[in-house]
Amino acid sequence: MTSWTEMPRAWWKESSVYQIYPASFQDLTGSGVGDLKGIISRVNYLKELGVDIVWLSPIFKSPQFDMGYDISDYKTIDPRYGDLKDVDKLRDELHQRGMRLVLDLVMNHTSDQHDWFKNSRKSKDNPFRDWYIWRPPRFDAQGNRQPPNNWESHFQGSAWEFDEATGEYYLHLFCKEQPDLNWENPAVREAAHDVMRFWLDRGADGFRIDVINFISKDQRFPDSDQPVLRGHEFYASGPRLHEYLAELGKILKKYDAFSVGEMPCVQDENEIIKAVGADRGELSMIFHFELVDIDHGPLGKFSPQTWQLSRLKETVNKWQRFMIDRNGWNALYLENHDQPRAVSRFANDDAVHRVASAKMLAIFQGFQSGTPFIYQGQEIGMTNVPRDWPMEEYNDIDCLNHWRLYKDSADEETLTRLRAEYQKKSRDNARTPMQWDDSPHAGFTSSSRPWMRVNDNYLDINAAAQTSDPSSVYGTWRRVLEQRKGLKDIFVYGDFGLVDEPHDKIFAYRRQAADGQAALVVANFSADTIDWPWKGTARDVLMSTTGKTEADVKEGEMRLEPYEALVLLV
């Protein structure tokens, strides 16, 4: 085991990532849907924020059943976003500013409109048949046809779809328009490698890789006894996963490319360190889900659960210590295209506390050990959709499929509870258009009909009102990224330790460099004013969301306003 003081250095450890959801970022063509030209027009905004890597959610050709995560051609850009020339232009604009471009690679599954699958379903002896996972039906005692096993889709219902043409079922861990590829077939793996090389040769700097831990399935395909998401125990870390990841890692290493793998449903820490350990040669880092599942109830995502600060501390400390002690690396995220807005989820989005909350969360997230990921709009404190939006405004297939299961049969009390959970957790919360200014549709589009309704609070929350204000949420994020770069021995490569773990409202942690330099990060996760006792001497106040100086934080006790955060050199 390598000591944290000997942690290997890498450019991607010192970087920060900004995720763009293309459909909702900036529409420059007037179609009502965001596009690549719109992204290009905002490159200077991203540079001024201080991010180093721009990650685009899928821009490839797609029928858009799952907003581009159902790809029908990996080497063609979806016309709604632009074309290959636009990608090349964006690449060049980023590279000229010392920034990098990361693409979203979805290779666990394709669209059912991909030529591979169209051929696969033609006949049992088609050369592409074995590119996907086909199985014959089972029959019950009465002779009724049943799926091959009882696995469940992540988007509700069975994970198997019957295909009349050949009389067999195909596996889809997500919607039925997203059939799973068969990575047991070497031709499938070579096709995936070819796609990676195509984009790396074209100048992409790496990939975010969708549900990468699902690519190896237990070939027995047994029934599951799990109460939620039946079957995930047989594919979340399948028997050949690390063999496949090592093959990807060899390609990534050749190009010195960035990689972050999405890894849901994995509880085994040893499986995760195998994927990201510095000596393993697989991935740079992964998104695990323990933190963002903190408010999921016993029946899954849309069942109620109130999270506690003690559990947040336990989870953060677990992964901070684990990666430092095991020579791995964290991907630090509170938001992305699949998660609700952090200020609504982890703090307080009411008018009184929203700005303070968003600034506090920037400091809480940005100074931990790992690579910080900022999701579009997080840097200005965008919130969840309004509570009074009707179901007609929701677009998320996961949410809508869940609603269809209950809307015609459940009582009104149950439906009211479900609508409240959707407002808290639906993926639509992250997909409302970016709020650029206070003009119609928040400056997102000139169209009279954006593909999704803009959040009603854009008059109060928009980028134009914040970019020149150092005390804004945007200004706070910019300062966080500056400090992280300027003191990288502490904030990038330093050690981590919780401070005052028992406190039920204050989240405090210490970062320390190998030479002994240290910083204290303190965040008040409550709407209360807290007099917090502490030991130490502040040499400098690096950041304060309320303008505190060294005189305000003398040894003994400091007063923290509601949702206040500060960073001290100690």
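Helix 4 is followed by G98, whose phi is positive, near 75 degrees. The model described here is predicted. Its protein is divided into domain 1 (115-171) and domain 2 (494-569), and the C-alpha centres of these domains lie 56 Å apart. A search of the whole structure finds 49 salt bridges.

**Helix 4**

- The helix comprises 13 residues, 84-96, and at 1.5 Å a residue it should span 18 Å; the end C-alpha atoms are 18 Å apart, so the two values agree.
- The buried residues of helix 4 are D86, V87, D88, L90, R91, E93 and L94.
- An α-helix has 3.6 residues a turn, so residues three or four places apart point the same way.
- The cover over the buried residues of helix 4 includes helix 2 (36-41), helix 3 (43-49), strand 2 (53-56), strand 4 (73-77), strand 5 (100-105) and helix 6 (186-201).

- D338 is found in the loop between strand 14 (331-332) and helix 10 (342-346).
- With 15% relative accessibility, D338 counts as buried, because buried means under 20%.
- Leaving aside residues up to four places away in sequence, D338 touches E262, K301, R427 and R431.
- The side chain of D338 makes a polar contact with the side chain of R427 at 3.1 Å, and another with the side chain of R431 at 3.1 Å.

**Salt bridges**

- Side chains of opposite charge can pair when their charged atoms come close.
- E247 forms a salt bridge with R189, in which the closest N and O atoms are 3.2 Å apart.
- E247 belongs to helix 7 (residues 241-254) and R189 to helix 6, so this pair ties together parts that are 58 residues apart in sequence.
- E247 is partly exposed at 23% relative accessible area, whereas R189 is buried at 9%.
- E335 and R341 meet through their side chains in a salt bridge of 2.7 Å, N to O; E335 is buried at 4% relative accessibility, and R341 is buried at 0%.
- The side chains of E393 and R453 form a salt bridge of 3.1 Å, N to O.
- E393 lies in the loop between strand 15 (371-375) and helix 12 (397-406), and R453 in the loop between helix 13 (412-425) and helix 14 (473-486), so the pair ties together parts that are 60 residues apart in sequence.
- Salt bridges that share partners join D66, D338, D396, R427 and R431 into one network.

Technical notes: Residues numbered from 1 in each chain as written. Predicted model: local features only at pLDDT ≥ 70, side-chain atom pairs only at ≥ 80, totals over all residues. Heavy atoms only, no water. Helix = DSSP H or I, 4+ residues; strand = E, 2+ residues; numbered from the N terminus. Expected span 1.5 Å × (residues − 1). Buried < 20%, exposed > 50% of the residue type's maximum accessible area, 1.4 Å probe, protein only. Contact = heavy atoms within 4.5 Å. Domains from an automatic or database assignment. Polar contact = N/O pair within 3.5 Å; in protein donor to acceptor, adjacent residues only side chain to side chain. Salt bridge = Lys/Arg side-chain N within 4 Å of Asp/Glu carboxyl O.
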